[in-house]
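I opened my notebook and picked a few spots to look up. Here is what I wrote down as I went.

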Amino acid sequence: MSEVPTRRPAHGPEPEGASRPPAPLLKLSGLEQVFDTKKGPVAAVGGVDLEVKPGKVLCLVGESGCGKTTTARAAAGITRPTGGSVEFRGRALDAMNAAERARFRRAVQYIHQDPYAALNPTRTVYSTLTAGLKRHGLVKGKAEARAKAAELLRLVDLTPPESYLDAYPHQLSGGQRQRVNVARSLAMDPELLICDESTSMLDVSIRVSLLNTLGRLRDELDVGFLFITHDLAVAKYFAWDGEIAVMYLGKVVEHGPTPEVIGNPQHPYTKALIGAVCEPDPDLARANRSAEQLRSAEIPSLHDLPAGCAFHPRCPAFEPGLCDGAEPSLQVASRRRVSCHVVDRDRERAEDRTVTFEAVPGSRRPASGETAEDPQTLRGAAWSA
Ligand SMILES: Nc1ncnc2c1ncn2[C@@H]1O[C@H](COP(=O)(O)OP(=O)(O)OP(=O)(O)O)[C@@H](O)[C@H]1O
Ligand code: SF4
Ligand SMILES: [Mg+2]
C-alpha cells in the first residue's frame, strides 16, 4: 500500500472564520435542466437542492432516467443548467473568472461509467496519467513525470507501477482500467470526485476492491464524493457515513443520513427501491419483507407527468384526493427530507399524539436519539453483493 499524501488546502479559498462549520464544497440550489426535444421541453431535473461537504459522500440513487447523470454533469460544469445554481466553495460557477474556472476544473473530476471508453486506446498508462500534469506544468522532465505517474498508480493500488506504466488500455482488465481513470483524476489533486456509476460495469469482487480504494482516498485525502449508483447495496457500503438522496423523475424525494434512509425509509419510492433489491444483506432483506408491491412498473414519461405526486400511479400508499391533487414538497423532519403527503400527514398526527402523551402526568418522553431501532446497529452488518 502506498504512502498517501496528507490533504492540503486545495484549489479554492478556505472557508472564512476558523470557528464556522466548513462551507459545502458543492452546493446545488434549485437546479433545473430542461431539454428541448421533438416532443417538446422535458424537465430532466426539476429543482434539486443538495450539498456535498469536504471529505463526505453524497450518494444519488434512483431508477434509470431519473436525472442522476444530468444533475452530475451540471454539478461538474460540463453542462450549464437552465435554472438554479451550482456553487463550488461558495462561488457560483456562473460568476467564476477564467482562473477560478480552471481551478474548478482541476478540483472537480468526473469518473465515467465505462472505463474503456474513457481512455484513449492509443495512449499508454504513463501518457494518460501525465498528459494533464504536463499541460498544467505540474511536472518537469520525464523522470519526474514517471515518478509522479508511479505514485498515482500506487495510490489506486496498481502495483508494482512499473508493470502498468507502459501498458495500453486493451492490455488491462476493466477494473484496472477504472483504477487508471481514478489515478488520472487524482493527478489533478481533486477535492471532489463525481463518480457516475463508476463501479457498475465491474465484476462484484473487483467492484468491492475499487470501492475500498475509493473509500481510502475519501478518508485519507479528504476527497468529497458525489457518488451515483442505482445499486442501494453499493450506496450503503460506500456512503455509510454520508448521505443518500433518492431521485424520482428529476426530483429528490428523500434525503438523509445513509443509516436512516436504509434502516428506516420513509418515502414509498425509497421503500420500493429497497424492496426491489435481491440482496442477502440483512438490513435490505428486512426492508424487502415490509415493502409493498408497486401498483405499476411503468415509469411515467417526463413529457406527461401525472398530476399531484408524480409517483402516484405506482405508489402502494396512494390515497385518492390527497396524492393526485397538489405536488408534495420536500419537508424537513429530524435530519431527513421527504416529499410525501401521507408521510407529512402521519407525522403531524404523531406529533399531535406526542403532545397528548406529554400531558399525561408521569409519562416519559423518549430520550433524544432513542428509537425503536437504532440505525447505528446496522453498521456491523456484513455487506455482500
Ligand atoms: N441531451 C438530452 N436531450 C434530451 N433529453 C435528455 C438529454 N439528456 C438526458 N435526457 C433525458 O433526461 C432524463 C434524465 O436522464 P439522465 O441520463 O440524467 O438519467 P439517469 O438517472 O442518469 O439514468 P441512467 O441510470 O440510465 O444513467 C431522461 O429521460 C433522458 O432521456
Ligand atoms: S404523496 Fe401519495 S402517491 Fe406520492 S409518494 Fe406519498 S403516498 Fe405515494
Ligand atoms: Mg446516468
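Before sorting anything, I noted the classes: Ala, Val, Leu, Ile, Met, Phe, Trp, Tyr, Cys and Pro count as nonpolar, Asp, Glu, Lys and Arg as charged, and the others, Gly among them, as polar. This is a predicted model, so local features need pLDDT of at least 70 and side-chain atom pairs count only at pLDDT 80 or more, while totals for chains, interfaces and linings use all residues. Residues are numbered from 1 along each chain as its sequence is written, and chains are lettered from A and ligands numbered from 1 in the order in which they are written.

**Ligand 1**

I looked up what surrounds ligand 1, counting a residue as near if its C-beta atom, placed from the backbone, lies within 6 Å. I got 14 residues, with Phe 35, Ala 44, Ser 64, Thr 69 and Thr 70 the closest. By class, I have five nonpolar, eight polar and one charged. H1 gives the most, with three residues.

**Helix H1**

Is H1 largely enclosed or open? I used this rule: a residue is buried with 20 or more other C-beta atoms within 10 Å of its own, exposed with 12 or fewer, and partly exposed in between, with C-beta atoms placed from the backbone. Seven of the eight residues of H1 are buried, so the helix is largely enclosed by the rest of the structure. Lys 68 is among the buried ones, and so are Thr 69 and Thr 70. After H1 I found Gly 77, with a positive phi near 75 degrees.

**Ligand 2**

Around ligand 2 I found 13 residues, the closest being Cys 309, His 312, Cys 315, Cys 323 and Cys 340. That shell has ten nonpolar, three polar and no charged residues.

**Asp 231**

Next I checked Asp 231, in the loop between strand S8 (224-228) and helix H7 (232-238). Asp 231 is partly exposed, because 18 other C-beta atoms lie within 10 Å. I also noted that Asp 231 and Ser 200 are 31 residues apart in sequence and 8.3 Å apart in space, C-alpha to C-alpha.

Notes
Helices (H or I, at least four residues) and strands (E, at least two) are DSSP runs, numbered from the N terminus.
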